[in-house]
Amino acid sequence: MKKILFLSLIAANLLAYKSDYEQIFLPTPPKTQEVKQSFASDIFFVLDEKALLLDEHKKPVGQIFEGSKVKVLEESKGFSKIEITAKVFDKNKAAFTANGEFLYLVLDKLAAKEKMNFWIKTSALTKNIEDAFEAVEVFYYDSCTSCHAAHAPKEHSMEDWDAYVSAMQMNAKITDEQKDRILRFMQAFASDGEFK
């Protein structure tokens, strides 16, 4: 009798939480799949989580983050010369906004400008925006759905996502670098983001 009662309680709990299960393990389609923007043939996106930015002598001068949109000016021996158009933030950083939302790059010693040219490994670039954000999107869902259903980035503004992701960092048990990575993804597709 105890066994039957126990099994019926388990079954009742499973049925009661079916919608939670569906929300956690069957999340809504990712935002990047909804993006159907077309870009010019010379527009690429950074594929690597972080890629080195190189000067004319192919010496590292900074790093650029995944998903950053760049214009390819030329290609040579496995490298691409890229142009980045951005807002300057904090002297050596460039982002989608002057407030630093959706951070594109950080330079080591150089001052950032609104239009900059660098070299980057061609293998660190992709034409496909979905490919550029795929790894961070999976990381977001893995990190942020253990306690609640995933939220679509378009649900909030870039500024709101900064507050939400920062507030949830301890609960998600992620490092500052991981938090910044998730935040860049959420801001890229936020209601006022670059790829809204």
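User: Which residues form one aromatic cluster?

Analyst: This is a predicted model. The structure holds 12 aromatic pairs. One aromatic cluster is made up of Phe45, Phe102, Tyr104, Phe133, Tyr140, Tyr141, Phe185, Phe189 and Phe195.

User: Are the planes of Phe102 and Phe133 stacked, edge-to-face or tilted, and at what angle?

Analyst: The ring centres of Phe102 and Phe133 are 6.5 Å apart. Planes under 30 degrees apart would count as stacked and those over 60 as edge-to-face. The pair is tilted because its planes are at 40°.

User: How many residues apart in sequence are the parts that Phe102 and Phe133 tie together?

Analyst: Phe102 belongs to the loop between β7 (93-95) and β8 (103-107). Phe133 belongs to helix α4 (residues 129-144). The pair therefore ties together parts whose separation in sequence is 31 residues.

User: Is Phe102 buried or exposed?

Analyst: Buried means under 20% relative accessible area. Phe102 has 0% relative accessibility, so Phe102 counts as buried.

User: What is phi of Phe102 near?

Analyst: Most residues other than glycine have a negative phi. Phe102 is a residue other than glycine with a positive value. Its phi is near 55°.

User: What is the centre to centre distance in the aromatic pair of Phe189 and Phe195?

Analyst: Phe189 and Phe195 are both buried. Their pair is tilted, with 40° between the planes. Centre to centre, the distance is 5.6 Å.

User: Which rings have the charged end of a Lys sitting over them?

Analyst: The charged end of Lys58 is 5.6 Å from the centre of the ring it sits over, that of Phe79. For Lys127 the distance is 4.9 Å, and the ring is that of Phe44. The rings asked for are those of Phe79 and Phe44.

User: Are α4 and α6 roughly parallel, antiparallel or perpendicular to each other?

Analyst: The axes of α4 and helix α6 (residues 176-188) come within 10 Å and cross at roughly 110°. Angles of 65 to 115 degrees count as roughly perpendicular. The crossing is left-handed. With that angle, α4 and α6 are therefore roughly perpendicular.

User: Which residues of α6 meet α4?

Analyst: On the α4 side, the residues are Phe133, Ala135, Val136, Glu137, Phe139, Tyr140, Ser143 and Cys144. On the α6 side, they are Gln178, Arg181, Ile182, Phe185, Met186 and Ala188.

User: Are α5 and α6 roughly parallel or antiparallel to each other?

Analyst: The axes of helix α5 (residues 158-172) and α6 come within 9 Å, crossing at roughly 150°. Angles over 145 degrees count as roughly antiparallel. The crossing of these helices is right-handed. By the angle, α5 and α6 are therefore roughly antiparallel.

User: Which residues of α6 meet α5?

Analyst: From α5 come Met158, Trp161, Asp162, Val165, Ser166 and Gln169. The residues they meet in α6 are Asp176, Lys179, Ile182, Leu183, Met186 and Gln187.

User: What is the relative accessible area of Glu66?

Analyst: Glu66 is located in the loop between β3 (60-65) and β4 (69-76). Leaving aside neighbours within four places in sequence, its contacts include Val46, Asp48, Ala132, Phe133 and Arg181. Glu66 is buried, and its relative accessible area is 3%.

User: Which residues does Gly100 touch, not counting those up to four places away in sequence?

Analyst: Gly100 sits in the loop between β7 and β8 and, at 17% relative accessibility, counts as buried. Its C-alpha atom is separated by 8.0 Å from that of Asp90, 10 residues apart along the chain. With residues up to four places away left out, Gly100 touches Phe89 and Ala95.

User: Is Lys77 buried or exposed?

Analyst: Lys77 is placed in the loop between β4 and β5 (79-85). Its phi is near 50°, a positive value in a residue other than glycine. Exposed means over 50% relative accessible area. Lys77 has 80% relative accessibility, so Lys77 counts as exposed.

User: What share of the 196 residues in the protein chain is buried?

Analyst: The protein chain contains six helices and 10 strands. Of its contacts with a separation of 6 or more, 65% are between residues 24 or more positions apart. The buried share of the 196 residues is 41%.

Key
Residues are numbered from 1 along each chain as its sequence is written. This is a predicted model: local features need pLDDT of at least 70, side-chain atom pairs count only at pLDDT 80 or more; totals for chains, interfaces and linings use all residues. Side-chain values use heavy atoms; hydrogens and water are left out. Rings of Phe, Tyr and Trp (its six-membered ring) pair if their centres lie within 6.5 Å; planes under 30 degrees apart count as stacked, over 60 as edge-to-face and the rest as tilted. Helices (H or I, at least four residues) and strands (E, at least two) are DSSP runs, numbered from the N terminus. Buried means under 20% relative accessible area, exposed over 50%, partly exposed in between (1.4 Å probe, protein chains only). A charge sits over a ring if NZ of Lys or CZ of Arg is within 6 Å of the ring centre and within 35 degrees of the ring normal. Axes are lines fitted to C-alpha atoms, for helices over the stretch in contact, and angles run from 0 to 180 degrees between N-to-C directions. Angles under 35 degrees count as roughly parallel, over 145 as roughly antiparallel, 65 to 115 as roughly perpendicular and the rest as oblique. A crossing is left-handed if the near helix is turned anticlockwise from the far one by less than a right angle, and right-handed if clockwise. Contact means heavy atoms within 4.5 Å.
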